Amino acid sequence: MSRRWVVLALLLLLGLSGTGAPQTLPAASAGAAAGKLTIVQGPEPLSMDPTMDINKTSYNIQLGLYDPLIFATPDGRLRPWIATSWTNVNPTTWRIKIRKGVTFHNGEPLNAESVAFSIEQYNRSRGEGNKYFQFIKGTKAVDAETLEITTDGPIPATPTMLGFLFVLPKNYYTQVGPERFGVEPVGSGPVKMQGWQRGVRLVVVRNEKYWRGVLPIEEITYRPAPEASTRVAMLLTGEADIIANIPPEQIPRIEAGRMRVIRQPSLRKLFVEFNMKQRPLDDVRVRRALNHAIDKEELINLVLGGNAIREIGPVPDGWLGANPKNQLTAYDYNPARARQLLAEAGVGGGFQMDLWHSIGRYLKDKEIAEAIAAQLGNVGVRVNLQGMDIGSLVQRIHTQNLSGAHLFSWAPLIFDTDNLWRAHFYSKGLNQYAVSAKTDELLLAGAAALDRRERQRIYSELERHVVNDMVPWIFLYRQSLIYGVSNKVGWLPRADEVINVRNLIVK
Amino acid sequence: MTRYLLRRLGQSALVLILVTMAVFGLLQVAGDPVVIMLSGTGASEEQLQSLRRELGLDAPAPVRYLRFLGGLLRGDLGKSLRFNQDAMGLVLERLPATLLITVAALGFALAGAIPVGILSAVRPRGAISYAGRVLATIGQATPVFWLGIMMVLLFSVQLRWFPAGGYGTPAHLVLPAVALGLYPMARISRLLRSSLLEVLSQDYVRTAWAKGLHERGVVLRHALKNAALPVVTVIGLSFGALLGGAVVTETIFAWPGVGLLSVQAIYNRDANLVQAAVVLVAVAFTIVNLLVDVLYAWLDPRIRY
């Protein structure tokens, strides 16, 4: 009888290890050979079809596989890329010149028709990419190198938006269809797809015919590891060369293992958003008081270990509409002023307030919420903390009229200020907490102002209105990105969490 | 036996229907995937509505449930909203990894638990019995997330014996299997010990001794088979639980199993994928339970169905 057990168990094990072996890829030998890199991100990528999946994990890989039409960087600048020039023929028509001689990995030529198809495919998509180019009403390939697009009204942000468009191969995409394209993608970028064992690893190799010159790296492997301490262990053992999204408390382990820690201030802003329809938060004096009651420096230095930058207005530095700092009220930490303002508003005795927050989504989000609750407690506001997973929080924020306030965050995908306004201050958008007739009027005027200086004027007025008069948020900080990097990698990260393979060097 | 099996299969079908209702209901409470997909993008209500229509999420919940049941009967659980791939295919793709770690963990557990359990029953005051008790206490009291991280620190970072995470080679299997197997090992060894102790004091065992059989024959042939019944139950339960619930271990070791996939699907509100994963795990659980019941009859001929 015992022998029968053993045989049964052995058979099962044998059978399973057969099916469990990787089918498409050789065993991982990460980071061993020169010219090869392993990048470990938290979650796994979902689809390589950029019209379906635009999560950062996937986007980082897509940015290597494809070329954007125009190269947009987080400081708001645009570089000619696949498009060599773009001009406004009339307020609603753009003429775009397409670079000659670029081909996709399968040899298909990249031309104006590929770009027109890409725009249409984004707009047809059933996924997250569906939303971004709906403002384009018509595309016309005038000849192989000229594309004309017409927009729904004058939209000065068009070139910046097109920085988010990856150019897809029309023939191949139509031939294989979206489902297979998501797993066997073809682009024109510096790397091409080698193999993907979902949930395990995705391997790309360099495109030897890349139009801008061949990458110094031969092969890049992307692996998921949801647990941060595992990512650190993988860096320390040499299984990984770049690890993303490291919590501050893991930094000493990386430094003790003689690996480099790279900190990069990001564009991800955190703020506390008020429900301005409820008493007593409908009184601007109360909202100002709560801004003065929060010691932002303490949050940054004590809770985040210095891994954040204080922010006093919503528009990122250098972006259209950013005001000089002296134009915005900074709401410095001043509990006495906070108490005085509360007394003026008739709630000097304090009040109860819910604070909704996520757990485990943003850098130390739960601890930040607790610190905010303690600081507000000092001026008499009794905070009830309501913590939950980010999915539930986002649901509640957008579909219920959440009481009190919520600790929330925003990071741009597209580097035009219009996105920021529509995400939070537009009465027809998802978020309904910080909207008014005035924000609507200004953001719509700015969105249609073709003259850059006029747009700058309108947006800076809108920012001053939001910060100085409306006060819908407690303005907190922008959190930093923390990466661990092995000594053989040379790389500078970007503020928008993007890992651009074009900027990687292996020593 | 055949009638019994048929009745059990009928019951299982009913259980599956109830499971799908529960999952579907919970997903409705969990909310609208479209809101999460478009949060922070400045999308308008019309854009939300058109994406809902595209994804077939605009129909009322009962209609969508009936559609889902209809699909289930045809073996089609729809496409994952996020992967844009066949949901059942995505889950089945992870099944080998889940089965591999489940069988390896249970194999490790049994390889330790059976000898320790037998020896500590035969020599209740022996050194192995005491050592087994200490190990069992540690094994049952140590949370797997802590144990897993400690094992990574020691065996991967310090000693460099095994990789810290991932999947594909036998070396990748060792740490997660041991971390996951320690708890069932502790539980099974204690259970086997007490159950064997009870059997060893029975009359027929005394008869076997009186016949002049060797200790080996008495313990392994006569006593163990009867003591195995509760142990088989626990093994079956552990197997079922591991199939669906090795989430923590899979997360720590970046093991691409069904558990990790389901958790990510829940966070993404990927309704079709969650439903596919739950249905599959429920089916697997039902089959394992059925096998355990059949195994009873084989182990103990007195049991008739």
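This is a predicted model: local features need pLDDT of at least 70, side-chain atom pairs count only at pLDDT 80 or more; totals for chains, interfaces and linings use all residues.

User: What makes A:Glu148 count as buried?

Analyst: Its relative accessibility is 17%. Buried means under 20%, so A:Glu148 falls in that class.

User: And why is A:Arg95 called partly exposed?

Analyst: A:Arg95 has a relative accessible area of 35%.

User: What makes A:Arg95 and A:Glu148 a salt bridge?

Analyst: The closest N and O atoms of A:Arg95 and A:Glu148 are 2.6 Å apart. The cut-off is within 4 Å, so the pair qualifies.

User: Why are the side chains of A:Glu297 and A:Arg310 said to meet in a salt bridge?

Analyst: For A:Glu297 and A:Arg310 the N to O distance is 3.8 Å. A salt bridge needs these atoms within 4 Å, so this pair counts too. A:Glu297 is partly exposed at 39%, and A:Arg310 is partly exposed at 25%.

User: Where do I find a salt bridge between the chains, and how many are there?

Analyst: There are five salt bridges between chain A and chain B. One of them joins A:Arg198 to B:Glu93, with the closest N and O atoms 2.8 Å apart. The two chains also share 11 residue pairs in polar contact. On the side of chain A that touches chain B, helix H1 of chain A gives the most, with eight residues.

User: How much area is buried between chain A and chain B?

Analyst: About 5100 Å² is buried between them, and carbon and sulfur atoms give 60% of that. The contact takes 61 residues from chain A and 63 residues from chain B.

User: Why is helix H2 of chain A described as largely enclosed?

Analyst: Nine of its 10 residues are buried, so the rest of the structure largely encloses helix H2. Among the buried ones are A:Tyr59, A:Ile61 and A:Leu63. What covers them includes strands S1, S8, S9 and S10 of chain A.

User: Which residues have the most contacts inside the largest nonpolar core?

Analyst: That core has 80 residues, and those with the most contacts inside it include A:Leu290, A:Ile372 and A:Trp421. A:Ile372 touches, among others, A:Val272, A:Leu355 and A:Leu476, leaving aside residues up to four places away in sequence. Another core, of 71 residues, lies apart from it and includes A:Tyr59 and A:Ile61.

Technical notes
Residues are numbered from 1 along each chain as its sequence is written. Chains are lettered from A and ligands numbered from 1 in the order in which they are written. Side-chain values use heavy atoms; hydrogens and water are left out. A nonpolar core is a set of buried Ala, Val, Leu, Ile, Met, Phe, Trp, Tyr and Cys residues joined through side-chain atoms within 4.5 Å. Buried means under 20% relative accessible area, exposed over 50%, partly exposed in between (1.4 Å probe, protein chains only). Contact means heavy atoms within 4.5 Å. Buried area is the accessible area (1.4 Å probe) that two parts lose on being put together, summed over both. A polar contact is a pair of N or O atoms within 3.5 Å; within protein, one must be able to donate a hydrogen and the other to accept it, and residues adjacent in sequence count only if both atoms are side-chain atoms. Helices (H or I, at least four residues) and strands (E, at least two) are DSSP runs, numbered from the N terminus.
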